[in-house]
Amino acid sequence: LNALGSVSHSAVTVISGLKGWSKSDIKRLRQAHKLGIAPDAKLRFKYLLSHKNELPAAVVRNACFALILDYPNGIKPYVDYLESPSQFQRCRLGALVSEKQGDLEQAYDFWQECSEHFLGESLTPFEQSAVYQRIAELDEKGNFSCMGEGMSGAEALEESISIDPEDKKTYLKLLDLYDQDDNQKAYQRCIDLAIKHFPSDREVLSTAIIAAQKKGVFKKAVSYANTLLELDPINVKAKQLLVDSHLAHARKQAKIGKLAIAAKELAIAAATEPQKRRVCVIETLQSLIAYLEGDHEQASLLIASAQENADTPLQAQVILLVEAAGLPMLKANTVNSLVGKFQLARQASPDSLLSAVEQLNKYHHEAVPKLDISIKSLSKAFDNAAQGLTKRQEFDQVCACFCNISAFALLKKFASKALKQFPKTPLFDY
C-alpha cells in the first residue's frame, strides 16, 4: 500500500495490468492506503463493511467479528448488514469484551453461558475445552462460583477432560485444585484417570507417586517410581521418590511390629543410591530396628554412621527423635541411650539450626504427625544454635517452620529473639 501511494497514476495502470487488478480493486487499495499505516479497529471495521459486496463474505464476516472486540459499537452494524450471531457467538463476544474491559465476573458469566450453547455450533473438542478452561481460570482469579450457581474451577476442568481426555495439563491443574481443597477422594480418582491415559509420562508418574505416598499405598508408590526409573534411569527426582516410598513403607511395617519387612525395605532404599541426608534417615531407622531386635552393638554402629552422614549433629538428632516417635514400642531409655551418643550442645551453630529446620520442613511435607512433641527436648539445643542468627531471612525460615509444626513455645522464643534484632516487624509481632 505504501508503494502504491508513492507511484504515478500511469505506473499504477501498468502495475494493475500486470497484476490483473480491476478499477474497483485499485480504488479499494487507494482507500485502504488513506487509512494510514495502523488504522484503529473502527476504521478497519467501516472499511470492510463498505466493501462487503466486493470481498468474500466469510472473510468480511470473520474479520468484522474479530474487530468488535476492540470496537464494541460495531455489534449493531454487524447484525444489520452481515449476520445475526448465534447465541454462542454472542456470549463469546460478550465474554471477550468484558475481559478487555476488566469486568471478570461478567466475563465468567458469559463464558458459562457459552458452555450451554455448544449444540449447533461447528466447534472442535479443543474449542469446547478452551471455554471450560477459561471458566476455570476466571473462577481461580475471582472465586465467582461461590457467589451463585456458577461452575467451579474444578467442575469446569472436569468437563474439559471429559471432552479432551488427552489433555495432560488439565489433569495436572485439576490435581492441584483438589490438593488445595484437600479433596483426597477426587484427587485419587483424577490421578487414576491420568495414569490410565498417560502410563509412561514422567510428570504424571511423579505426581502419582506422591499421591500414593499420601494415601499410604506405598507398594503402588514404589511401582510407579520403578516405572519412572525404567523410563529415565538417571532421573534424580525419581530416585528420591523411590527412596522416600521405601522409607515410608518401612516406617509403616516397623510401627506394627513387622521388623523383617521393614529391614528389607530399608535395605532396598539404601541400595538405591539415596542422597547423603536420606542415608542418615535410613541408618537411623535401621539402628532403631536393630535395638528392637536386641542387637545393641549394631544399633550403636549404625547411629554413629547416621551422624556422620547428617549435615550436622543437630539435624541427626532431629531425625532420631522423629523416627523414634513413630515407633511406640521403643522404650524411653533406649531413645535416651541413643541420644546420648551425639556430641551436640557445644557444636550447635546457626548452620546446624537451619539444617534441622530444613529436615523438619521435609517431615512436615510428608505429614509426619506430632513433630512439636518429638523435638520438645531439643529446646536448649535450638536456643544455643540461635546465638549466631543475624539475618532476617533466617529468622523468617525458622519461625515459619515452628509455626507450621505447631511448636508454639519455640515459635514464641524465636520470634522474641527476632524482634530484638528487627524491632517493629509485624510478622514477628504476630
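Here is a short chat about salt bridges in a predicted model.

User: Hi! How many salt bridges does the structure hold?
Analyst: Hello! This predicted model holds 15 salt bridges.

User: Which residue does Lys100 form a salt bridge with?
Analyst: Lys100 pairs with Asp70, and the closest N and O atoms are 3.1 Å apart. The two residues sit 30 residues apart and link distant parts of the chain: Lys100 lies in helix H7 (residues 87-100), while Asp70 is in the loop between helix H5 (57-67) and helix H6 (75-81).

User: Is Lys100 buried or exposed?
Analyst: Lys100 counts as exposed, because its relative accessibility is 52% and the cut-off for exposed is over 50%.

User: Nice. Changing topic, what does Glu158 form a salt bridge with?
Analyst: That would be Arg189, with 3.1 Å between the closest N and O atoms. Here helix H10 (residues 153-163), which holds Glu158, is linked to helix H12 (residues 184-197), which holds Arg189; the pair is 31 residues apart.

User: And what are their relative accessible areas?
Analyst: Glu158 has 21% and Arg189 has 44%. Glu158 is partly exposed, and Arg189 is partly exposed too.

User: Where is the partner of Lys168 in the chain?
Analyst: Lys168 meets Asp201 in a salt bridge of 3.3 Å, N to O. Asp201 is in the loop between H12 and helix H13 (202-215), and Lys168 is in helix H11 (residues 168-180), 33 residues away. Lys168 is partly exposed, at 22%.

User: Last one: which residues do shared partners join into one network?
Analyst: Asp244, Arg278, Lys362 and Glu366 are joined that way.

Note on methods: Residues are numbered from 1 along each chain as its sequence is written. This is a predicted model: local features need pLDDT of at least 70, side-chain atom pairs count only at pLDDT 80 or more; totals for chains, interfaces and linings use all residues. Side-chain values use heavy atoms; hydrogens and water are left out. A salt bridge is a side-chain nitrogen of Lys or Arg within 4 Å of a carboxyl oxygen of Asp or Glu. Helices (H or I, at least four residues) and strands (E, at least two) are DSSP runs, numbered from the N terminus. Buried means under 20% relative accessible area, exposed over 50%, partly exposed in between (1.4 Å probe, protein chains only).
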